[in-house]
Amino acid sequence: MRIDGRALDELRSVKFTPDFTKFAEGSCLVEMGDTVVLCNASVEEKLPPHVRSGGWITAEYSMLPRANRERSKRDISKLKLNGRSAEIQRLIGRSLRSAVDLSAMEGVSIVVDCDVLQGDGGTRTASVTGGFVALVIALLVVLFGRSVLSLFINDDPALVEQVL
């Protein structure tokens, strides 16, 4: 038996709440056990200077000061990311870029913000997974408009097939 009451072979519960925030093109609140991460995907019609063609996806990762048992200082207070946050941020960005054909996103960049609201293990996994859900929602909004989202989120396959 684990400390949280799960059997040794029992997975954490997983819950996704897509389109969680009002203003981001794509968002998802992901809960894995007691870990809670809010992921927002923001679309920009400009590319970073190092990208010559196609599109780009980048990620930012942060833990709220009280996401763990003890309060941690915000990275901004030190004017730079700590090494752990920087590496997780790179991991999320690389993971999301590997899942998308960047050449099909000509002139568009998407920033995926992953903010850990409560960390109880698995924040990297929750951030990559929730970030991917937010990214897909943002891409759907760019391709089809916001009105098509309700078809996907309401999980009605017949309606989705009619639209596509």
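Modeller: Contact here means heavy atoms within 4.5 Å. The model is predicted.

Colleague: Among contacts between residues at least 6 apart in sequence, what percentage join residues at least 24 apart?
Modeller: Start from contacts in the chain between residues at least 6 apart in sequence. Then keep the ones that join residues at least 24 apart. That share is 66%.

Colleague: In what order do the elements of the chain run?
Modeller: The chain has four helices and five strands. Read from the N terminus on, the order is β-β-β-β-α-β-α-α-α.

Colleague: What percentage of the residues in the chain is buried?
Modeller: A residue is buried under 20% relative accessible area. The chain has 164 residues. Of these, the buried ones make up 35%.

Colleague: Which residues touch the most other members of the largest nonpolar core?
Modeller: That core has 26 residues. The elements that give two or more residues to this core are β2 (26–32), β3 (35–44), β4 (56–63), α1, β5 (109–118) and α2 (123–144). Touching the most other members are Val37, Ile57, Tyr61, Ile92, Ile110, Val112 and Cys114.

Colleague: Which residues does Ile57 contact, leaving aside its neighbours within four places in sequence?
Modeller: Ile57 is among the core residues that touch the most other members. With neighbours within four places left out, its contacts are Gly93, Leu96, Arg97, Val100, Leu102, Met105, Ile110, Val112 and Leu135.

Colleague: How many disulfides are there?
Modeller: A disulfide needs two cysteine sulfur atoms within 2.5 Å. The sulfur of Cys39 has its closest cysteine sulfur in Cys114, at 3.7 Å, so this pair is too far for a bond. Seen from Cys114, the closest cysteine sulfur is the one in Cys39, again too far at 3.7 Å. The count of disulfides is zero.

Colleague: Is Cys114 buried or exposed?
Modeller: The cut-off for buried is under 20% relative accessible area. Cys114 has 0% relative accessibility, so Cys114 counts as buried.

Colleague: How far is Cys39 from Gly131, C-alpha to C-alpha?
Modeller: Cys39 sits in strand β3 and is buried, at a relative accessible area of 0%. Not counting residues up to four places away in sequence, Cys39 touches Gly26, Ser27, Cys28, Asp113, Cys114, Ser127, Gly130, Gly131 and Ala134. Cys39 and Gly131 are 92 residues apart in sequence. In space, C-alpha to C-alpha, they are separated by 5.4 Å.

Colleague: What is the distance between the end C-alpha atoms of α1?
Modeller: Helix α1 has 16 residues. At 1.5 Å a residue, the helix should span 22 Å. The model agrees, with its end C-alpha atoms separated by 23 Å.

Colleague: What arc do the buried residues of α1 cover around the axis?
Modeller: The buried residues of α1 are Ser85, Ala86, Ile88, Gln89, Ile92, Gly93 and Leu96. They lie on the same side of α1, because the arc they cover around the axis is only 165 degrees.

Colleague: Which residues are exposed on the other side of α1?
Modeller: The buried residues of α1 are covered by elements including β4, β5 and α2. On the other side of α1, the exposed residues are Gly83 and Ser98.

Colleague: How many salt bridges does the structure hold?
Modeller: The cut-off is 4 Å from a side-chain nitrogen of Lys or Arg to a carboxyl oxygen of Asp or Glu. Glu87 pairs with Arg90, with closest N and O atoms 2.9 Å apart. Glu87 also pairs with Arg94, with closest N and O atoms 3.4 Å apart. The number of salt bridges is two.

Colleague: Which residues do the salt bridges join into one network?
Modeller: Glu87 and Arg90 are three residues apart in helix α1 (residues 83–98), so about one helical turn separates them. Glu87 is partly exposed at 37% relative accessibility, as is Arg90 at 43%. Arg94 is partly exposed too, at 42%. Shared partners link the salt bridges into one network of Glu87, Arg90 and Arg94.

Colleague: How far apart are the C-alpha atoms of Arg84 and Tyr61?
Modeller: Arg84 is in helix α1 and is partly exposed, with a relative accessible area of 37%. Leaving aside neighbours within four places in sequence, Arg84 contacts Tyr61, Met63, Thr123 and Arg124. Arg84 and Tyr61 are 23 residues apart along the chain. Their C-alpha atoms are separated by 9.8 Å.

How values were computed
Residues are numbered from 1 along each chain as its sequence is written. This is a predicted model: local features need pLDDT of at least 70, side-chain atom pairs count only at pLDDT 80 or more; totals for chains, interfaces and linings use all residues. Side-chain values use heavy atoms; hydrogens and water are left out. Buried means under 20% relative accessible area, exposed over 50%, partly exposed in between (1.4 Å probe, protein chains only). A nonpolar core is a set of buried Ala, Val, Leu, Ile, Met, Phe, Trp, Tyr and Cys residues joined through side-chain atoms within 4.5 Å. The expected span of a helix is 1.5 Å times one less than its number of residues. The arc is that of the directions from the helix axis to the C-beta atoms.
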